[in-house]
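This briefing looks at how the parts of a protein model touch one another. Please view the sequence and structure before reading the points below.

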Amino acid sequence: MNIFSGILNGLGEIWAHKLRSFLTMLCVMLGVVSMVVITGFVEGMFTSWSRNLSERGGLEKVSTGNTEPPARQEAIAKLSKGLTLGDALQLKRDLPPGFVVSPEYEVRTTLFRRGKRDWVRLQGVTSSILAINRYEVDRGRFFTDLELRDSANVVVLGTWVAERLFGRTENPVGQFIDINGQPFKVVGVLKHYELMFREWNTLRWKNDVAFIPITTGINKVGRNEKLAWINVQVDDVDRLNETVDTITNILATRHNGIFDFKVSTSEGELASFAESRKNSVFFAGIIGAVTLIVSAIGIANLMLASINERVREIGIRKAIGATGRNIFGQFVVEAVALSLCGGLLGMAVSIGAIEGLRAIVPAENAPVLSTSAFVVGFVFSVVAGVLAGIYPALQASKLDPITALRYE
Amino acid sequence: MEILRFDNVCKRYPMGDGVVNALVDASFTINEGDFVAILGPSGSGKSTLMHLLGFLDSPTEGGVYFENRRLEDISGTQRARIRAEKIGFVFQAFNLLPRMSVFGNAKLPLAYHSNPPPDADERVRKALALVGMDHRANHKPGELSGGQRQRVAIARALVNEPRIILADEPTGNLDSKTAATILELFEELNRQGRTIVLVTHDPKVAERTKRQIHVLDGRIARET
């Protein structure tokens, strides 16, 4: 019996037992789908996380923020004023020349413009923010060092803020808005940032900003001089740890030994993410493997049932000249054809399932189609199908033709 | 010319504590062109004889020779090849594959041929024409009458141009009128030179053959 007619025969058998074949294919299909979808979720989390990490400054960024001093320092906490511009200037002086230091001052306030108003997180910054947090000016310009030194009333808007105050058509550059009763000139508008997952822009926060010179923020808008953040960009990721130590030492000295600040890097986040990714992949693998084992058992079961149903056929085939090997081949071909069909079906359903889930699931967790999961799921399901088909096929090939012919 | 020879063949089955002697010291020869009936009541051992003739079973003692080759010297795979290429089977219950067309059923032995003939489809059509079933080639066995099914089964047995046709109660499931036409077909096939062994319990069926081997209690009682 040649392979081609064997395959045709197998397909014929599949068609002849539609329900049984459908159930078998369902087993394989679910195996593939569970594998692809679970891996897709893990991959999706990693993809959007790594893109968001780089948009926040990537691994080279060391962030320093305010925190409550430890309990033992509570009594002397007043000895420190928290993060100040002076701290930033000190860091700039003490850190190597290639490093960028970006002090950030934050006021939550309302911007007014001809009856329109917008509640924003107004940030007092220096031009270093462009390098560290990956911002680019699209229209107009960023404020100059002179404007920074003079605490000038100038503002750079993110696209969302600009749109809310000026609409889509009007050019905000050169116009004035009102902050805390003072006129501010809009000198620039930032680039629009977008990383879409369906209707969800995961970079929306980058458009929802307004920048003024940090000096203006402290002297004219805010009520104190406490900075929100001092971000430092190192020139080489290998120097991350020593930089954390240096910053800690400098700030501890300036804060009279009060640890009311916290120095952090994305490295910890990266490590914990890598860890959780490893765990997720591991559990995804286990779930996928269990599903595949279940589908393999399903296939074996259905093939065994099909043999019992076809004992007589096997007897006839043997009596008219089929060897054990012929019968074995026939049943293996059927198992392969079934699991191949199931595998292909599973691939199609996986695409649909992932597309569907992307529409429902929050963007940060949206699954992606992972080619490797696709291939692995498919190959494994087919291998499982074949392995599951081998035992029943062996049983079939060993049937005694006389007994098989008597079987009713 | 000798095709099959039984030389003091015994077949014993273990049954409980004892042994059943299904066949004792059976010796006979089947020559080319023979039309032989193996005749005996049920339980006489004729089915055992039939299975031995068709290489579906091996003897406990004695020698079964096919074309002067001892059965013991032939491997399982080779036996299957001989069944596919040199023996044609016809069963009482027809034993067609229900999901295959008449044509597919008749062609089945060619699928197990070691080198399938290039004119396979032509041979199937010829065999179906010979038994008068060529007009039903695309039907399923379920759509045919008993007599028609048995004709298809005979076509299946003929398609490989076998040296010998073994028919096990080929008329057992048929009414007497249909049975008569099937027996006529066998007679015609024998006239064309084909060797036929027919197993039956019915003396009237056996009468139609040229030679009868009577089996009783596992022994060959007489040959006529």
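Contact here means that heavy atoms lie within 4.5 Å. The model is predicted. In it, 22 residues of chain A are in contact with 21 residues of chain B.

**Chain A with chain B**

- Chain A and chain B bury about 1,800 Å² between them, and carbon and sulfur atoms give 63% of this area.
- On the chain A side, Ile316(A), Ile320(A) and Ile402(A) lose the most area to chain B, together 32% of what that side buries.
- The count of salt bridges between the two chains is one; Glu313(A) and Arg99(B) form a salt bridge through their side chains, at 3.5 Å from N to O.
- Five residue pairs are in polar contact between chain A and chain B.
- Two or more residues each come from α1 (3–16), α10 (311–319), α11 and α13 (401–406) of chain A, and α10(A) gives the most, with six residues.
- The side of chain A that touches chain B has nine nonpolar, five polar and eight charged residues.

**Domains within chain A**

- Chain A is assigned domain 1 (3–54 + 272–406) and domain 2 (59–270).
- The centres of the two domains, taken over C-alpha atoms, are 54 Å apart.
- In chain A, 15 residues of domain 1 are in contact with 14 residues of domain 2.
- The two domains bury about 1,400 Å² between them, 55% of it on carbon and sulfur atoms.
- Zero salt bridges are found across this domain interface, and zero residue pairs are in polar contact there, counting pairs with both residues at pLDDT 80 or more.
- On the domain 1 side, α2(A) supplies the largest share, six residues.

Notes:
Residues numbered from 1 in each chain as written. Chains lettered and ligands numbered in written order. Predicted model: local features only at pLDDT ≥ 70, side-chain atom pairs only at ≥ 80, totals over all residues. Heavy atoms only, no water. Domains from an automatic or database assignment. Buried area = accessible area lost by both parts, 1.4 Å probe. Salt bridge = Lys/Arg side-chain N within 4 Å of Asp/Glu carboxyl O. Polar contact = N/O pair within 3.5 Å; in protein donor to acceptor, adjacent residues only side chain to side chain. Helix = DSSP H or I, 4+ residues; strand = E, 2+ residues; numbered from the N terminus. Nonpolar A, V, L, I, M, F, W, Y, C, P; charged D, E, K, R; others polar.
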